[in-house]
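Let's take a friendly walk through this structure, one region at a time. Have the 3D view open as you read.

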Amino acid sequence: MKNFEVYKLWPIEPVKAKGCKVWDKNGTEYLDLYGGHAVISIGHGHPVYNDMIKEQLEKICFYSNSVQNSLQEELAERLGRVSGYPDYSLFLCNSGAEANENALKLASFSNGKKRVIAFEGAFHGRTSGAVAVTDNKNIVSPFNSGHEVTFVPLNNLDAVEKELAKDDCAAVIIEGIQGVAGIYMPTDKFLQGLRELTIKYGVALILDEVQSGYCRSGKFFAHQHSGIKPDIITTAKGMGNGFPIGGVLISPSFKPKQGMLGTTFGGNHLACTAAIAVLKVIEEESLINKAAEFGEYIISELNKIKSGTGSKAIADIRGIGLMIGIEMESDFIKVRDKLLFEDKIFTGGAKSNIIRLLPPLTITRGEIDHFLTCFKKSI
Ligand SMILES: Cc1ncc(COP(=O)(O)O)c(C=O)c1O
């Protein structure tokens, strides 16, 4: 058997990783400003994380959700405290798509309606409902296309209200910061207005923080810059630092009913241990503040480059914290390849001309400066 070839692969095979560095099978060192797609939050191979997982491995890795598991309680308590949502409940699952699928289901269970409002450019995953609320026709199969979904432009409250007024919506789903689209931010005013409208029309507001959450934006969740509190928040990627885990944070207004949601693997002992280790390191190393501070530094240095030597190369710089998009002018779309193959720096991409910086939150000032020097040289 061979693998089903659905991924475009770079000709590089990482075999070892530590902090913000990865090494390929030839021993070549790479700087990781991609974090394996925003997944590596506390750095590769963090000793606290490794030790806690090894210790748990020797005890018990898995048992089903039909028995008690105090690691789930410890994780929920810690996540509630660190994220600023101590009164919300946590449903554990295995991925970002699954978190969104459950969030949409919960919203629909709650008000009995089924249409969902999503945003142009949105990406929410590849399972049935999650892909239906994703704005990319190429990945929606006929099987998925039966969901009732309306896409409206980001940052346009009138367009949202026009749809909500039809009184048939279960939810509005929005990314804290649009990642796959190329780092587009909802404005604070828009999120505040969205919160008011969803309350007015009795529709659940779901914040997809799968990519923008876990401190990446310089707050625990990106929407916290606007001061709003959604009804449901979804999380995954940085939550397990590479161990598959997703979570749905649910406001106290939703009442659980036995059997309404469920999963075999979600919340297993190893996944909970990985997620507890991540939160422990986030607190001990003040990674929220670090993401905010280093993000400001990178963005201000990039803006200096843009207004100087890079004025012909850089079209736009967007983002906040360590979730940054650099939109290149059309003659400079090869810069990302140059960074990877010549300077040995992994970055993320979007469309053909946007470079996404999604480094581990433990990145050092020296590593950032190395990137800035290489980036400046490459344009
Ligand atoms: C905002 C957002 N939501 C959901 C997902 C899907 O997550 P997963 O691939 O873990 O299912 C992604 C993945 O890139 C994402 O960026």
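**From the sheet to the ligand**

In this predicted model, strand 3 (residues 29-32) runs parallel to strand 13, and the two are paired over 2 bridges. Within that pairing, Asp-32 sits opposite Phe-346 of strand 13. Both strands belong to an open sheet of 4 strands, whose order is 1-2-3-13 and whose pairing is mixed. Strand 1 (14-18) and strand 13 (345-346) are the edge strands: each has a single partner strand, so one side of each has no neighbour in the sheet. As background, strands in a sheet pair through backbone hydrogen bonds, in either a parallel or an antiparallel sense.

Next, turn to a pair of helices. The axes of helix 9 (residues 287-307) and helix 11 (residues 365-378) come within 11 Å and cross at roughly 20 degrees. Angles under 35 degrees count as roughly parallel, and the two helices are therefore roughly parallel to each other. Their crossing is right-handed. Helix 9 brings Phe-294, Tyr-297, Ile-298, Glu-301 and Ile-305 to the contact, while helix 11 brings Ile-368, Leu-372 and Lys-376. By type, the residues of this contact are 6 nonpolar and 2 charged, with no polar ones.

Finally, look at the ligand. Which residues are the closest to it? They are Ser-95, Gly-96, Ala-97, Gly-125 and Val-210, out of 14 residues that surround the ligand. Helix 4 (residues 96-111) gives the most to this shell, with 3 residues. The shell as a whole divides into 7 polar, 5 nonpolar and 2 charged residues.

Notes. Residues numbered from 1 in each chain as written. Predicted model: local features only at pLDDT ≥ 70, side-chain atom pairs only at ≥ 80, totals over all residues. Near = placed C-beta within 6 Å. Nonpolar A, V, L, I, M, F, W, Y, C, P; charged D, E, K, R; others polar. Axes fitted to C-alpha atoms, helices over the stretch in contact; angles between N-to-C directions. Parallel < 35°, antiparallel > 145°, perpendicular 65-115°, else oblique. Left-handed = near helix turned anticlockwise from the far one by under 90°. Contact = placed C-beta atoms within 7 Å. Pairing = 2+ DSSP bridges.
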